[in-house]
Structures are given as C-alpha cells and as structure tokens.
Amino acid sequence: MTIDEIQDEIIEEFTALDDWMDRYQLLIDLGGESPALDASEKTEQNLIDGCQSRVWLSCRSNADGTLALAAESDALIVKGIVSLLVRVFDGQRPEDILRTDLRFIRATGLEEHLSPTRANGLLAMVRQVRACALAHSQKPAGTRP
C-alpha cells in the first residue's frame, strides 16, 4: 500500500469514532497491540529526544531499499501514536517518506487533541523518521546509518 492509502485508512478509523475518549482508547489499544521492540534495539541511539515518555525507534534499510521501522514506548498512548507512524512508513522508500505530507495527523484531530507534551513528542518522532529516511536515501540498501 502507498503512504496515502495507509493514511486514508487511519483517517477512516479515527473519524468513525465520534467521541475523543473513544479515539484515545483506540490509541491505547493500538499501543497495547503493537509488538514489543527487541531489547537489543532499545539503545541510546534509538531513543528519541524531545519526548516526555521514553520512545525508541529502530530504522534499517531492507534489501529492496525500503525502510524497516519498529518502535516502542513506555507509555501506551505514546506507543499507539508511534505505532501509527510505523504503520504509515514501514516498508516505504526513503524518498517517499521525505516528500510525504502527514495529513492524517490533522485529519484525525491528533494535532489539536494531544497535550502539548505529547504533540511535541509526536513532532520529535516525525523528525526522527525523516532523519532516518534522509540517512538511508543516501546509502546503499541493506545498511544502517
């Protein structure tokens, strides 16, 4: 699926819920369902600066040049948020990631309904994904930055 198709799915899932408490519950559920990050990936290098909760993002290049992303947080809502980013960007080409408008953040209401600290954390997560994509867009497939 393309990044836009995945964003459309996320928008549909969130907008199907009228109440923001239900949307928060969806984030919690997503965080609870998200697979745990391997302990070897929970390194200082993968820890995202700018998040109040601890958030790790693992990023590597697949043989076909797409990115393999995995993430975890010690807070369920934040883990749900980062799982959305992983869902959108995992398996995508770095060039596509770099030119994507993350419209699902606005369209789902996340932008306006997250607390300031979580909103700042979300921006930090997006910056980290884009930095990873930039690093891998300049490297051969199958390598780490």
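Two strands count as paired if DSSP finds at least two bridges between them. In this predicted model, strand S1 (residues 55–61) and strand S2 (residues 67–73) pair in the antiparallel sense over seven bridges.

**Strands S1 and S2**

- Ser58 has Ala70 in S2 as its bridge partner.
- Six of the seven residues of S1 are buried, so S1 is largely enclosed by the rest of the structure.

**Helix H3**

- Helix H3 covers residues 76–89, and at 1.5 Å a residue its 14 residues should span 20 Å; the end C-alpha atoms are 20 Å apart, which agrees.
- Because twelve of its 14 residues are buried, H3 is largely enclosed by the rest of the structure.
- Among the buried residues of H3 are Ile77, Val78, Lys79, Gly80 and Ile81, and Leu84, Val88 and Phe89 are also buried.
- After H3 comes Gly91, with a positive phi near 80°.

**Packing of H1 and H3**

- Two packed helices are described by the angle between their axes and the distance between the axes.
- For helix H1 (residues 3–15) and H3, the angle is about 145° and the axes are 8 Å apart.
- On the H1 side, the contact involves Ile3, Ile6, Gln7, Glu9, Ile10, Glu13 and Phe14; on the H3 side, it involves Leu84, Arg87, Val88 and Phe89.
- The residues of this contact of H1 with H3 comprise seven nonpolar, one polar and three charged.

Key
Residues are numbered from 1 along each chain as its sequence is written. This is a predicted model: local features need pLDDT of at least 70, side-chain atom pairs count only at pLDDT 80 or more; totals for chains, interfaces and linings use all residues. Side-chain values use heavy atoms; hydrogens and water are left out. Helices (H or I, at least four residues) and strands (E, at least two) are DSSP runs, numbered from the N terminus. The expected span of a helix is 1.5 Å times one less than its number of residues. Buried means under 20% relative accessible area, exposed over 50%, partly exposed in between (1.4 Å probe, protein chains only). Axes are lines fitted to C-alpha atoms, for helices over the stretch in contact, and angles run from 0 to 180 degrees between N-to-C directions. Contact means heavy atoms within 4.5 Å. Ala, Val, Leu, Ile, Met, Phe, Trp, Tyr, Cys and Pro count as nonpolar, Asp, Glu, Lys and Arg as charged, and the others, Gly among them, as polar.
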